[in-house]
Amino acid sequence: MSFIYVAFIALLIGGLMGLLQVLVRSGHFTLPAGIDYYQVLTVHGVILALVLTTFFIIGFQFALMGKTVGISDRQRRLGWLSFWTMTIGTAITATTILLGKASVLYTFYAPLQAHPAFYIGLTLVIVGSWIAAFVNFHQLAVWKKKHPGEKSPLLAFMVCINMAMWLICSIGVAVSVLFHIIPWSLGWIPSINVLLSRTLFWYFGHPLVYFWLLPAYMAWYAIIPKIIGGKIFSDALARLSFVLFLFFSIPVGLHHQLTEPGLDSTWKFIQVVLTLMVVIPSLMTAFSMFATFEITGRKKGYGGLFGWLKHLPWKDVRFVAPFVGMLAFIPGGAGGIINASHQMNSLVHNTIWVTGHFHLTVATTVVLTFFGVAYWLIPHLTGRTLTKSINNLGLVQTYLWAIGMTIMSAAMHIQGLLGGPRRSNFSDYGGTEQAAEWGWYQLAQAIGGSILFIAIILMVYIVAKLAFFAPKGEEEFPIAEEEENAEPTPMWLENWKLWIAITIALILFAYTVPIMDVIQNAPPGSPPFDWPIGNS
Ligand code: HAS
């Protein structure tokens, strides 16, 4: 619950910053009291993309592990150590941003330079998450020792895959921050290899998005079937898709740098191919979800080509919120494939299209699934119940989110195609005709963003109600079972050593030459840029 409290406080603060941004970008509002746009944008990105997600995920995963393989007192104490390390790190980073010393956005691209405390705080967040990872691995190891020869519980397997991926990818950003960025921000080294720091960031930054996505997939594969009164379609398919995510999430970071000079296009091409491989486990997930819905509906006696859709619990927010998330992932995922296609990327890169893409993927697919989980997890943990009236309020919240996001994200996609930039304050670019075309879309973003902010207030109210005021009682922790006649899951799916070895081999293949190249043929180092002054 402690992790989840921090996550929802982050939602409120980050959401308010988002509201300010869309208002400013509409061109009809200026920030009061000399507050800087890029400061607000940094709070928004860091607090939502890094803090809300990581805290919710680690809290949720501890709950899943505790429920499926158990947690000892010692592991629980280490869980607290993880929590406090992350919370102290968050406080340090947040203070630095609020003092105006770190307006470098959530990607902290060099040569923009923040105060060292910004990077030190973020390092603590990562270190705290590593502690959680080792606790999770230990929890599964203890269970396996007690159950020799048995397959591990599906959710525990999934959590450990996610944390293994997280550990391997965050080493990249840790190396970059500890040995490169912090010494540079302390003035110990005069300049920085910008290309190397970005390449190491994206080595981490792309798997980061799957670190957000996989806990949502855990809920889709193993929790939603129970909520709709069905069974897990295929335990083996679910595990295989997670193993594929482990393989292909990491060696693909160059697709964020397709327009970056100084990286050989052969390696960009190879990483684009690997990116299209990482689409496959998502398509497997889509297939699996359709299968679960259809099989459950047919078992309940609903026939016809689409008649089985009628059986779905359309009034149960624990289902509806994640379902809207699934729907959003259809255009969100298609947009990702467009981004990954080298030629089309040159049209959309650095435009607000990309912002539209990630508001569909992380801010709708992932976040609405997390809300769907919160509706049962919070009362389960606090010994309360999800009442009919809170459920109905949750339905309103979900629809408001869907409406707000549809308006805002569609407008972002269109404005991006018309050349509207991302990561930038409002400007009419000297009254150019092109910038004039964006006006309506910027207004639509302000309308959509305002609806989203109302939805955020409603969600925080619901969370407070579920945590402190809902009637006492017992709320179910819904975990689905496998189909009775399911084929046994092959034991080779648990060959951890092999999976880690393949993952490392793929990373070495995709990254060794580009990184050596970036080091050996380093561009001239850059002195720091201190935003918003614009130079060092
Ligand atoms: Fe992305 C940029 C490519 C997925 C997040 N992405 C970003 C950024 C973020 C982000 C935050 O290749 C910006 C980073 C920055 O600040 O610069 N992305 C992809 C690809 C995928 C993808 C190929 N992204 C995600 C997910 C994210 C996320 C997931 C967060 C959670 N992305 C890119 C690229 C860029 C990028 C480039 C760089 C752009 C640039 O130039 O800067 C794929 O993983 C997508 C595969 C997904 C699918 C969809 C499957 C559909 C499912 C739903 C089924 C629905 C059901 C319900 C069952 C193929 C599973 C239906 C039921 C009915 C009854 C109808």
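In this predicted model, a polar backbone atom of Ala340 lies 3.1 Å from an oxygen atom of the ligand. An N or O atom in the side chain of Tyr210 is 2.6 Å from a ligand oxygen atom, and for the side chain of Asn345 the corresponding distance is 2.8 Å. Two or more residues of the shell around the ligand come from each of the helices α6 (194–222), α9 (265–299), α10 (317–340) and α12.

The shell comprises 38 residues, of which Tyr210, Asn345, His349, His357 and Arg422 come nearest to the ligand. By residue class, the shell divides into 25 nonpolar, eleven polar and two charged residues. The ligand also carries an iron atom, and the protein supplies a single donor to this iron: NE2 of His357, 2.2 Å away. His357 belongs to helix α12, which covers residues 352–382.

Among the elements around the ligand, α10 contributes the most to the shell, with ten residues. This helix has 24 residues and reaches 33 Å from its first C-alpha to its last, close to the 34 Å expected at 1.5 Å a residue.

The structure holds 44 aromatic pairs. One of them is formed by Tyr5 and Phe468, whose rings are stacked, with 5.8 Å from centre to centre and 5 degrees between the planes. This pair joins distant parts of the chain: Tyr5 lies in helix α1 (residues 2–25) and Phe468 in helix α15 (residues 439–469), a separation of 463 residues.

Most residues other than glycine have a negative phi, and most peptide bonds are trans. Ala33, in the loop between α1 and α2 (37–68), has a positive phi, near 50 degrees, although the residue is not a glycine. The peptide bond from Ala110 to Pro111 is cis, with omega near 10 degrees. Pro111 is located in the loop between α3 (73–98) and α4 (116–146).

Technical notes
Residues are numbered from 1 along each chain as its sequence is written. This is a predicted model: local features need pLDDT of at least 70, side-chain atom pairs count only at pLDDT 80 or more; totals for chains, interfaces and linings use all residues. Side-chain values use heavy atoms; hydrogens and water are left out. Donors are N, O and S atoms within 2.8 Å of the metal (3.2 Å for Na, K and Ca); water is not among the atoms, so sites may look incomplete. Helices (H or I, at least four residues) and strands (E, at least two) are DSSP runs, numbered from the N terminus. A residue is near a molecule or strand if one of its heavy atoms lies within 4 Å of it. A polar contact is a pair of N or O atoms within 3.5 Å; within protein, one must be able to donate a hydrogen and the other to accept it, and residues adjacent in sequence count only if both atoms are side-chain atoms. Ala, Val, Leu, Ile, Met, Phe, Trp, Tyr, Cys and Pro count as nonpolar, Asp, Glu, Lys and Arg as charged, and the others, Gly among them, as polar. The expected span of a helix is 1.5 Å times one less than its number of residues. Rings of Phe, Tyr and Trp (its six-membered ring) pair if their centres lie within 6.5 Å; planes under 30 degrees apart count as stacked, over 60 as edge-to-face and the rest as tilted.
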